[in-house]
Amino acid sequence: MSQSGPQAHPWIMNLNPYVPGKASLDNGRPVVKLSANESVFGPSPAALEAARTAADDICRYPDGGSHALRHAIADVHSLDADRIVCGAGSDDLLTLLIHAYAGPGKEVIYSQYGFMVYPLVTESVGATGIAVPNKNWAADVDGILDAVTDNTTLVFIDNPNNPTGAYLNWDEIKRLHSSLPAHVLLVLDAAYAECVTAEDYKAGEELVDAFDNVVMTRTFSKMYALAGLRVGWAYAPAAVVDILNRIRMPFNVCLPGQYAAIAAMQDQAHLKASVEFNREWRNWVRARLMALGLDVVESETNFLLIEFPDESPFTAKEANAYLMDNGYILRHLGFLPNHLRLSIGTEEQNRAVVELLTAFMSGAGHSDPALS
Ligand SMILES: *Cc1c(COP(=O)(O)O)cnc(C)c1O
């Protein structure tokens, strides 16, 4: 390779680019995409209307400080709007936190089965990622504490966890925080907080209020169903807010995104209906799949992690191919070869997936050359 041309940081070439869940088959045939944890319940009609209204103003820059949106969030969650920073999805805020607090020689801790943005961004800044094995599918508090060193600057907990759906209760989160040294920033990524119904769960506001080394991130992509607009937010101690505001892009939340997210915030009845729909179908699908003899991790999210036998013809790989042949795309993750992640769909889609997996597990349709 030529050494005279432009040279990026050497660690960048070791990165594996993020591969999103598939939305269509390789032959272009349309399929039902249940691979990205999107909300089929859809956004509030008021949010859609606001996004359409925003179209009239898109020759203008959005409000760089997202003032109205921060206040709409603060009102609903009873928070201080000055301690909220909005971003282009919570990915934006997670990335900014890593840029600000990690780099070569620093260590970032996350779970082995966790959100893929953490390792991706950690490696992109030349920091060292420490992937701690999960416990009961959630983060392992003791394992994480054992992994902390003087060089650790960040600990990420996706709570509930993606792709497992499991969560850590509030006592465990507090136990983790109380044993972390003051120089470590604990990031509570609560992307699915809106759909959690477990009573011993909290997203993290209280810890952010009480300590200067805890940040909570949230998103409009999941239960608010605005993934395509890219809106997220962080609730953080004043010093962290200051850091984020120094390094974020000046106009990081697009104008339709701000308008729609404000309207979505103001329609909590729609959110509630969406959460109820999700809970009902998640429980229904899980019960049906478990009745087939499949292990399905108990989930507080809008998806289920399904474990398949490791013997042909019942493997996750074969199930994935069978579902795809029949028009349904789930998520098959390289680091969980025996599992498929299924996002909760419409009633019709949920029933169809259960029906297909029932046929698959009974042996029907396997290795049928007509299907491939
Ligand atoms: C979906 C997701 C996010 C980020 O979503 P944005 O669309 O960037 O707001 C963050 N964390 C977890 C665990 C997620 O599953």
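A polar contact here is a pair of N or O atoms within 3.5 Å; within protein, one must be able to donate a hydrogen and the other to accept it, and residues adjacent in sequence count only if both atoms are side-chain atoms. An oxygen atom of the ligand sits 2.8 Å from an N or O atom in the side chain of Asn162. For Asp189, a side-chain N or O atom is 2.6 Å from a nitrogen atom of the ligand.

A word on the source: this is a predicted model, where local features need pLDDT of at least 70, side-chain atom pairs count only at pLDDT 80 or more, and totals for chains, interfaces and linings use all residues. Residues are numbered from 1 along each chain as its sequence is written, and side-chain values use heavy atoms, with hydrogens and water left out.

Arg230 also has a polar side-chain atom 2.7 Å from an oxygen atom of the ligand. The protein covers 94% of the 380 Å² of accessible area (Shrake-Rupley method, 1.4 Å probe) that the ligand has on its own.

Seven strands (DSSP runs of E, at least two residues) form an open sheet in the order 2-8-7-6-5-3-4, with mixed pairing (at least two DSSP bridges between two strands).

How values were computed
Helix = DSSP H or I, 4+ residues; strand = E, 2+ residues; numbered from the N terminus.
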